[in-house]
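Trainee: I would like to go through the terms used for this model and see what each one rests on.
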Amino acid sequence: MAKLDLFTTLIQKISETQSQAPHSYRLFHGRGGRYEGLEHICVDQFGEILLVTLFKEEECFNLLLEMLSKTDHKKAYIQKRYLQRAEIECFKGQEVEVETFAKWNDLKFHLNFHGIQNLGYFLDMEKGRQYVHDHSKGRKILNLFSFTCALSVIAKDAGAESVLNVDMSKGVLKRGRENHQLNGHDLRSVSFLSHDIMKSMGKLTKLGPFDGIILDPPTSQGKSFQIEKDYPKILRRVSSMLSPGAWLMACVNSPFLEVSTIKDWFESNCEDLEFQEVFYSCESFEELRDSSGLKVLIYKKT
């Protein structure tokens, strides 16, 4: 199929989805493999802002931008994730000079259009956000690999008694603190620890027990964390941090790991946690196989 026809399909899909999409939403998920020839393109919307992400070089780059410029969005950005430093560049409208946000229901989350890689909010975690919202009231929550604390904001908004955010990066925890403040939370019941989680299990155990734990690590974080080697190590310790009846939300976003493998890790490392359910990326992340994208497994302590 000619590139013009492919890009026309892309624009039609964006237009159809945009008309019914909420403020913060993935309009097109080429990486799911359902659109042949467009597997390297994803398109997100944040209100009037369009963000296009390329995962490999596009030979008809200028034509793509020309067609994407015709959407109704006031501003449009592009990020070339195949580059070592994937900065976000504006190609329609003026650079964002004021704070921009993702939105979930009535909550807001700071976005960073001037950094590299991630904006600070993951659109595929919709079902995880809903689970945290529905199961945090009155509970003491531990958020491991908290990043910018979006799930903690939702937990606190849903009535969590307290939330502890843990991440190696002081920078993302600072943004997490700002996200809590942005939504009017009393920080006396919200804590932030800039720790290497793999070296802090003993301290975290002493701070428990917790009524809910969110475990959402990156697949790789340099020498400090490699998912296949270190995820099972965390599971060996995590059960002792949970109170009876507490839940664990275990997230894995790797196309190379199946749900069966993650279940095997649980069976081998924490026998007193009982599997409840599994869910995948939200509907806008169309995947040929559900397991190719985000996998979220819920366990409860027996």
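Trainee: What makes strand β3 mostly covered?

Mentor: Six of the six residues of β3 (residues 49-54) are buried, that is, under 20% relative accessible area with a 1.4 Å probe, protein chains only (over 50% is exposed, in between partly exposed). Ile49, Leu51 and Thr53 on one side are buried, and so are Leu50, Val52 and Leu54 on the other. Strands (E, at least two residues) and helices (H or I, at least four) are DSSP runs, numbered from the N terminus. The model is predicted: local features need pLDDT of at least 70, side-chain atom pairs pLDDT 80 or more, while totals for chains, interfaces and linings use all residues. Residues are numbered from 1 along each chain as its sequence is written, and side-chain values use heavy atoms, without hydrogens and water.

Trainee: How do you know that β2 and β3 pair?

Mentor: Pairing takes at least two DSSP bridges between two strands. Strand β2 (residues 41-46) and β3 have six, in the antiparallel sense, so they meet the definition. Phenylalanine 46 stands opposite isoleucine 49 in β3.

Trainee: Which strand runs parallel to β3?

Mentor: Strand β4 (residues 75-80), joined to β3 by six bridges. Valine 52 stands opposite isoleucine 78 in β4.

Trainee: Why are α1 and α2 called roughly parallel?

Mentor: Helix α1 (residues 3-18) and α2 pack at about 30°, with axes 10 Å apart. Angles under 35 degrees count as roughly parallel, over 145 as roughly antiparallel, 65 to 115 as roughly perpendicular and the rest as oblique. The pair α1 and α2 is therefore roughly parallel.

Notes:
Axes are lines fitted to C-alpha atoms, for helices over the stretch in contact, and angles run from 0 to 180 degrees between N-to-C directions.
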